[in-house]
Amino acid sequence: MFSNLIWMFVLLCSSVADENSIRDADIFPSSPEIERGSSLELSCVLRKNYTLQRNANHIIWKLNDELIAPENYNIVNETVSNITIHNFTYSTAYVKCFMKSFSKELPLVHTEVKSGFRPDMPENISCIYFYDVNLTCTWNAGRETSFTTSYTLYRKLMSSPDTVGSCQTTTQSCSFFYPDNVYSNDFCFQVEAKNVLGASLTECVPIPLQKIEKFAAPEILSVKKIPGIKQLLTVTWKMPEKIIPLKHIICQVQYRNLYSNFTEFVNVSLNSKKSIGSCNLTGLWDSTDYSVAIRCVNNESAFWSGWSGEKTESTEEEAPSGKVDLWRVIESSHSSRNRSVHLMWKPLKSFPPPGRILGYKIRYFPENKAAHKRSNNSTEQKITLLLNEEAHIISVTAYNSAGESPEAILRIPSPDEKSSQMIEKVVTSTTNEEVVVQWITSEPETTKYVVEWYEELETDPFGRSWQYVSNSTKWKNNKKIFKPFICYNILVYPLYGSNVAAPSYTQIYAEEKEPSEGPVVDTGILGKNEVTIKWNEISKARRNGFITNYTIFYKPEGGKELNETVNSDVLQYRLKSLQANTQYTVRIMASNKAGGTSGEPKTFKTLKLDKEDIFFIAIPVEISILCLIGLWITCVLKKHTFKKVCWPDIPNPEESLAVEWPLASSNNSFLKRMSSQSKTVDFEDINVLEYCFPQESQEGSLLINYENHVSECTDINTKGITNRDEKILHNEENEAAESFSPSMPYIITDQFTRRQMHSALIPVKEVQPIEVVANDVPGCQQNPIKNEENDNEEVLKLEDFSEKALFNPYLKNSVKTREFLVSESLPEHSTDERKSQSSVLPPFQPNVLGQSYVTVDMFRLAKGQ
């Protein structure tokens with residue numbers, strides 16, 4: 001069973017092999033290499049038995065997957081099909097053979113075809129002979145063949161052509177190495193090139209080996225200067241060992257001035273037997289570095305050796321002959337005693353150069369004190385000195401091992417000195433390559449200037465650059481030394497001797513671009529139809545050029561954008577003719593020569609009313625308020641006047657200081673009771689003394705003769721005094737006021753009236769202190785006042801006061817003259833009666849605190865009967 005399965009598998013595989021054997025074929029030649037442009041012929045040969053449906057007639061050909069035309073086919077028999085491709089120009093191509101079966105193309109076999117050229121005859125054979133090392137020849141192989149080409153170099157003795165040496169290579173160079181490179185001057189050289197398409201052979205070219213000798217580079221042993229001898233260097237070198245003997249050698253010494261980069265050559269002849277060579281280099285510059293190199297050659301050979309390694313040495317030095325370019329920057333100091341002076345200098349580019357500078361000496365002293373000289377040394381080209389307020393002289397010299405240069409001198413003025421302005425105007429301009437500065441001077445005899453330039457934001461004094469200008473009022477420099485978009489300060493200083501005059505100043509941008517940012521806008525005072533727009537300058541680092549103008553763009557909400565342009569020195573502007581109560585958007589654009597940049601926009605809204613509208617509304621209101629305030633002030637200031645007219649004040653006897661009523665008397669308690677503002681008195685119960693003097697005497701003297709004028713006073717009884725009832729008769733008060741002259745003082749006599757006076761008091765609100773005086777004047781009789789409610793009689797007894805009468809200011813404006821007149825002719829019983837009453841009431845005491853008094857203003861005057 002298992003064996004049957006194996007036989008079935010073998011038969012299946014054999015059947016599959018039969019199917020695949022139909023597709024098997026061979027192609028001839030299998031890897032063709034042909035000359036480019038020639039014809040290509042290929043054959044496709046089937047291997048097995050073929051039926052009529054599967055033979056050479058069904059073979060098709062393709063070149064790089066492109067079908068070849070059937071007219072190029074040639075059917076040799078049922079198993080062979082040939083193809084011919086004319087003018088084959090592909091460097092590499094694939095040719096494939098297919099069997100066409102029904103609608104299918106079954107691949108049979110393919111091959112890679114290469115095309116190329118025959119090797120050209122090599123040309124320009126050259127050889128280099130390294131004695132006892134190698135012999136190397138090179139040639140030019142010609143065009144590329146696209147095939148691997150081998151080369152054979154033949155070396156033949158011309159005296160014996162059969163003596164041939166050869167070397168093979170696939171490159172264009174081949175070498176014979178020691179010991180196969182024997183020296184002979186009777187060699188010729190020949191090159192053969194060969195590839196699959198053919199071969200080519202050159203003629204034998206004779207080349208003497210001494211003419212192609214090349215040896216190794218010599219070695220410099222030393223380059224030295226001789227002390228005391230200037231402008232000279234001695235060079236010593238060693239020759240290589242492998243050189244053809246007995247030949248004359250030429251060595252070339254090259255020396256190069258490192259300062260000017262100028263190169264010169266010196267040839268030195270040597271015998272090959274000498275292994276050491278030397279020479280002296282003369283006519284050199286003082287204090288100058290030189291670089292030296294050497295190469296050598298056989299005088300018959302065409303090939304120099306390589307250059308030796310370079311060695312550098314300096315010639316003997318001499319003292320520098322030129323002054324340094326000296327400049328200064330004077331820094332203003334807060335202290336009047338000291339100031340910083342920054343010195344900087346650069347050596348002159350003298351020719352020849354001064355040699356190796358070891359350092360610089362700085363000497364300085366006050367102008368008027370040369371003995372106080374001080375000095376400093378510096379290896380750098382700058383120093384800072386701290387000087388006082390005096391003028392100073394400063395000098396700087398460069399020195400080397402041979403000595404010092406001449407002094408470069410500058411005068412540092414005192415802070416109080418004012419130098420004249422010699423330069424009237426400075427103008428700057430730029431071109432594609434240069435920055436040009438020109439100036440106009442008022443002093444034509446000035447021939448030397450210093451041009452100083454530095455970045456506007458530069459704070460380091462040593463960051464400044466400067467250059468001396470002689471016999472010209474124009475300076476120009478390469479544009480590349482200025483940074484683009486940076487503002488530079490340029491100052492031009494006139495020089496006269498060691499003094500420096502006042503500079504002229506300008507600014508410049510070597511290259512500009514639009515500002516990096518726009519101004520920040522702010523709105524100031526808002527109005528109904530206008531607004532003030534303000535903005536700040538752009539920082540100097542962001543301007544990128546000189547600001548030429550500002551443009552204000554403003555636009556109402558939903559409206560058209562408008563603009564206004566102002567000069568660069570304007571930082572605020574008033575926009576007018578705006579719409580009231582409208583929102584606006586505003587932005588500012590700063591412009592320079594290169595363009596403009598706008599800042600962030602800002603919105604604002606105009607007012608409904610402006611100041612004028614508010615003013616016209618406020619005027620009536622303010623006038624009304626002022627009128628009310630004025631009326632109130634008038635009322636306050638005239639309060640007593642209005643009160644006197646509407647509510648007149650009545651004096652209060654209780655508060656008077658003129659006299660004092662007895663504290664124990666019932667009348668005193670009565671007066672106290674009546675002095676309250678809430679108490680009232682009826683005028684019917686008051687007895688008033690009638691005026692005792694004639695009318696014509698009211699304007700007379702204060703002293704009245706009692707013998708010439710005697711009046712009688714009648715009693716007038718008033719009734720109906722009731723408490724809490726206030727009955728004021730204005731007409732009676734006016735009559736009482738008219739009966740007294742305003743200029744008559746109020747007089748109290750030294751003697752009490754012989755007759756009793758019935759008195760009543762009316763309430764008063766305010767009583768002022770008065771002075772009471774007594775005088776001997778005729779008096780009048782007064783009847784006692786009887787009180788119906790109290791049967792006790794109270795008699796007021798007046799004691800004698802001073803004989804001299806004083807003016808009473810309390811009654812100054814009430815009546816002109818008021819007197820109590822007591823007649824001596826009164827009956828005696830009246831006197832007795834007075835005396836009897838004195839025991840009841842104590843006499844009036846002058847200047848007694850708390851004593852009350854009664855004025856005539858309180859009485860109602862009785863008219864004469």
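Select E456 and Q507 to begin, and you will find their side chains joined by a polar contact of 3.0 Å; such a contact is a pair of N or O atoms within 3.5 Å, where within protein one must be able to donate a hydrogen and the other to accept it, and where residues adjacent in sequence count only if both atoms are side-chain atoms. E456 sits in the loop between β35 (448-455) and β36 (465-470), the strands and helices here being DSSP runs numbered from the N terminus (helices H or I of at least four residues, strands E of at least two). Leaving aside residues up to four places away in sequence, E456 touches C487, Y488, N489, Q507 and K540, a contact being heavy atoms within 4.5 Å.

Before going further, keep in mind that this is a predicted model, in which local features need pLDDT of at least 70 and side-chain atom pairs count only at pLDDT 80 or more, while totals for chains, interfaces and linings use all residues. Residues are numbered from 1 along each chain as its sequence is written, and side-chain values use heavy atoms, with hydrogens and water left out.

**The whole chain**

Zoom out and colour by pLDDT, the predictor's confidence in each residue on a scale from 0 to 100. The chain has a mean pLDDT of 75, with 71% of its residues at 70 or more. Select residues 1-23, where the pLDDT is below 50 and where the stretch has 9 contacts in the model beyond near neighbours in sequence. Then select residues 663-865, where the pLDDT is again below 50, and where 414 contacts in the model reach beyond near neighbours in sequence.

With secondary structure displayed, the chain comes to 7 helices and 50 strands. Of its 865 residues, 41% are buried, which means under 20% relative accessible area, whereas exposed means over 50% and partly exposed lies in between (1.4 Å probe, protein chains only). Among contacts between residues at least 6 apart in sequence, 70% join residues at least 24 apart.

**Salt bridges**

E452 counts as buried because its relative accessible area is 0%, while R464, at 22%, is partly exposed.

Next select R574 and E530, whose side chains meet in a salt bridge of 3.8 Å, N to O. This pair also links distant parts of the chain, since R574 lies in strand β45 (residues 572-575) and E530 in the loop between β41 (521-526) and β42 (531-535), 44 residues apart. R574 is partly exposed at 45% relative accessibility, and E530 is partly exposed at 31%.

A further pair to select is E537 and R543, which meet in a salt bridge of 3.9 Å, N to O; here E537 is partly exposed at 49%, but R543 is buried at 18%. For a network, select K361, R363 and E404, which are joined by salt bridges that share partners.

**Backbone features**

Most residues other than glycine have a negative phi, and most peptide bonds are trans. Select F28 and P29 to see a cis peptide bond with omega of about -10°; P29 lies in the loop between β1 (25-28) and β2 (33-35). Another cis peptide bond joins Y178 and P179, with omega of about 10°, and P179 is in the loop between β14 (173-177) and β15 (187-195).

Now move to N124 in strand β10 (residues 123-130), where phi is positive, about 55°, although the residue is not a glycine. N124 counts as exposed because its relative accessibility is 61%. S146, in the loop between β11 (134-140) and β12 (150-157), also has a positive phi, near 70°, and is partly exposed at 38%.

**A nonpolar patch**

Where does the tour end? In helix α3 (residues 611-637), at V621, which is partly exposed with a relative accessible area of 46%. Select V621, I625, L626, I629, W632, I633, V636 and L637, which form a nonpolar patch on the surface with about 810 Å² of accessible area together. Patches are made of residues with over 30% relative accessible area and no salt bridge, like charges being joined within 9 Å and nonpolar side chains (Val, Leu, Ile, Met, Phe, Trp, Tyr) within 5 Å; accessible areas come from the Shrake-Rupley method with a 1.4 Å probe, and for residues only the protein chains shown count as cover.

Conventions. A salt bridge is a side-chain nitrogen of Lys or Arg within 4 Å of a carboxyl oxygen of Asp or Glu.
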